[in-house]
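Colleague: Before I rely on this model, I should like to hear the grounds for the terms used to describe it.

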Amino acid sequence: MRATRGAVWRARGPLLSRIAAAVFGGYALAVLTSVATLALPMGTVEAVLTGMQASFVVYAAAVIWVFAARSARRAWLGLALAALPLLAAACWVWRMPAA
Amino acid sequence: MLGLEDAGGMTTAARSLRQSMARLHTWTGLVFGWVLYAMFLTGAVSYFREEISQWMRPEVPALAQLPDAAVSAALAVASLQGLAPGASQWVIDLADERRNVVAASWRAGAGAGDGRAMLDPLSGKPLHARETTGGEFFYYFHFSLHYLPRVAARWLVGLATMFMLVAIVSGVITHKKIFTNFFTFRPGKGARSWLDAHNMLSVWALPFHLLITYTGLIALMTLYMPWGLDSAPDAAQARQSLRAEMTALMPPATPRGTAAPLPDVGAMVREAERRWGIGSVARLVVDHPGDAASRVKVARSEASRVSVSPRYLAFEGPQGSLRQVKDHSGPAAETRGVLYGLHMARFAGITVRWLYVIASLAGAAMVATGLVLWTVKRRARRGDPERAPAGRRWVERLNVAAIAGLPVAMAAFLWGNRLLPVALADRREWEIHLFFAVWALMLFHAGARPVQRAWTEQFGAAAVLCAALPLWNICVGGRHLFASIRAADWVYAGIESALLAAAALLAAMAMKTARRAGT
């Protein structure tokens with residue numbers, strides 16, 4: 001019984017992992033995009049609007065990537081790589097002093 | 001898709017990409033298909049929400065001729081002085097080609113609560129018609145559903161929209177033969193035919209689907225993606241400025257506290273029409289009407305431009321001096337204005353508006369054929385429908401109630417508008433309760449009847465309900481189809497003709513499903 005359950009998890013695990021990567025990882029990447037655009041040299045409102053509008057494109061692309069990647073591990077890895085520069089920019093935004 | 005298309009001559013990597021995309025497409029499509037179908041169908045009719053609202057208020061006569069905007073605005077203001085003198089803000093939406101009333105609403109102030117009224121565009125006097133949500137019901141249901149908390153419902157809708165976006169992109173990747181799909185339809189071949197229909201509907205209107213899905217997300221993006229705004233160094237100020245880039249409707253500033261008469265709004269409307277042209281003013285927003293710090297925004301109509309970015313003149317003080325001309329938006333704000341505008345199609349004339357409706361119906365049909373395909377393919381694989389696994393039986397019945405049951409409920413909503421007593425308390429709500437009660441009944445019916453019969457009966461019921469509405473109006477007299485045509489009331493005649501066309505379409509579906517059940 002336990003062996004069967006283990007086999008089921010081995011089979012389902014990567015799929016569940018991909019779904020999580022797509023739904024939550026993709027959203028996280030979109031959020032980072034929407035924050036990172038505030039680092040661009042433009043007015044705050046323009047930057048906010050640019051980030052919001054771009055974020056959905058990023059989200060869709062991230063989901064496609066997650067299911068196109070050869071393995072769940074590579075899917076997460078790709079998301080993490082894409083997140084790094086965005087995270088750096090976002091950190092810079094979060095530390096900006098109030099004008 | 002899955003096993004139905006040959007993958008010969010492709011590399012392993014390309015094949016596995018297409019396979020995983022196909023799987024993604026199938027399952028996301030199933031999970032959100034029902035919500036998306038309802039969004040497409042109610043969204044389609046929402047392109048005529050003003051016209052539906054007119055039809056649902058038969059007591060309000062058609063406007064033979066549009067009144068002068070300046071006169072109409074001044075009359076509405078005079079009326080509001082009596083209706084809501086202490087309000088902190090009045091919003092006045094003038095009549096236009098699509099709306100035969102002046103819609104006024106106000107925000108609480110000293111000695112007044114929030115409220116709304118419909119005013120006669122010619123006299124400014126309050127109009128009395130049956131209580132109804134009108135076409136607004138379909139419009140709000142389209143993105144806020146009903147009964148659920150608003151934010152939760154909109155997140156659900158957003159999630160479905162996001163999945164739709166993914167389904168579109170993954171669907172495109174799945175279909176290597178996208179241009180062949182354009183012309184391929186092989187009827188009478190079970191799953192193959194459903195797949196062809198699904199592909200054809202998808203590919204025909206693909207640019208529209210992509211546009212409407214992405215712009216739908218843009219429409220509610222401040223809800224779905226607030227994080228950039230929250231992260232702005234001065235978030236409160238940024239929120240204020242962001243809103244000002246999205247709408248002319250801003251909360252009023254603080255009043256001065258000294259009374260002063262409101263200057264003549266007619267002159268303000270004339271000034272706006274001098275700049276933008278006759279008939280270009282859609283809305284007036286009056287802040288603190290009785291105060292020395294009054295402010296009147298005269299906002300430009302969206303009927304003659306694609307973008308919905310706010311454009312207005314702001315007049316201030318007892319002299320009504322022009323203080324602000326909002327005639328410019330930044331590139332990102334204008335992009336949002338155009339995208340949102342493309343979703344709402346307020347710019348559209350009658351031809352483009354119908355194209356929007358047809359494309360949306362094609363969208364609904366695309367989702368519906370996809371949902372049916374899911375069950376047909378599994379039936380083909382497993383054989384005997386009576387011994388189908390419970391999951392598939394559920395999907396089949398939910399498909400019936402979602403696809404054929406919704407038009408029944410929508411027609412019932414219109415019937416409720418005609419049949420519920422005019423004096424009924426909370427009449428507005430009861431029309432909506434009736435819609436959901438009938439939809440629930442359809443779900444029950446789909447569960448109780450053999451599946452093929454349920455399809456036929458529900459499409460048939462929807463067809464009868466739609467066709468009988470114009471007939472009922474002829475029987476009870478008043479504004480029926482022929483009278484409307486004679487009076488050149490094209491809004492009324494248009495709605496009733498559209499009901500007959502919908503009935504014909506639904507009857508054709510009923511006959512189609514009946515024939516399938518017979519074989």
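Predicted model: local features only at pLDDT ≥ 70, side-chain atom pairs only at ≥ 80, totals over all residues.

Modeller: Residues are numbered from 1 along each chain as its sequence is written, and chains are lettered from A and ligands numbered from 1 in the order in which they are written.

Colleague: What is the predictor's confidence in chain B?

Modeller: On pLDDT, the predictor's confidence in each residue from 0 to 100, chain B averages 89, and 93% of the residues score at least 70. Over residues 1-10 of chain B, however, the pLDDT is below 50. For the complex, the predictor gives an ipTM of 0.91 and a pTM of 0.90.

Colleague: Why is A:Phe56 called buried?

Modeller: A residue is buried if 20 or more other C-beta atoms, placed from the backbone, lie within 10 Å of its own, exposed if 12 or fewer, and partly exposed in between. A:Phe56 has 24 such atoms within 10 Å and is therefore buried.

Colleague: Which residues are in contact with A:Phe56, leaving aside neighbours within four places in sequence?

Modeller: They are A:Ala30, B:Tyr214 and B:Leu217, where contact requires C-beta atoms, placed from the backbone, within 7 Å. A:Phe56 and A:Ala30 are 26 residues apart along the chain, yet their C-alpha atoms are separated by 6.6 Å.

Colleague: How many residues of each chain are in contact with the other?

Modeller: In chain A there are 30, and in chain B 31. Helix 2 of chain A gives the most to the side of chain A that touches chain B, with 17 residues; A:Phe56 has its place in this helix. Helices here are DSSP runs of H or I, at least four residues long, numbered from the N terminus.

Colleague: How do you know that the length of helix 17 of chain B agrees with expectation?

Modeller: The expected span is 1.5 Å times one less than the number of residues. Helix 17 (residues 451-476) has 26 residues and should therefore span 38 Å; its end C-alpha atoms are 37 Å apart, which agrees.

Colleague: Where does helix 17 of chain B have a kink?

Modeller: A kink of about 30° lies at B:Leu469, shortly before the proline B:Pro470. The bend is the angle between axes fitted to the seven residues ending at a residue and the seven starting there. After helix 17 of chain B comes B:Gly477, with a positive phi near 80°.

Notes
Contact = placed C-beta atoms within 7 Å. Helix = DSSP H or I, 4+ residues; strand = E, 2+ residues; numbered from the N terminus.
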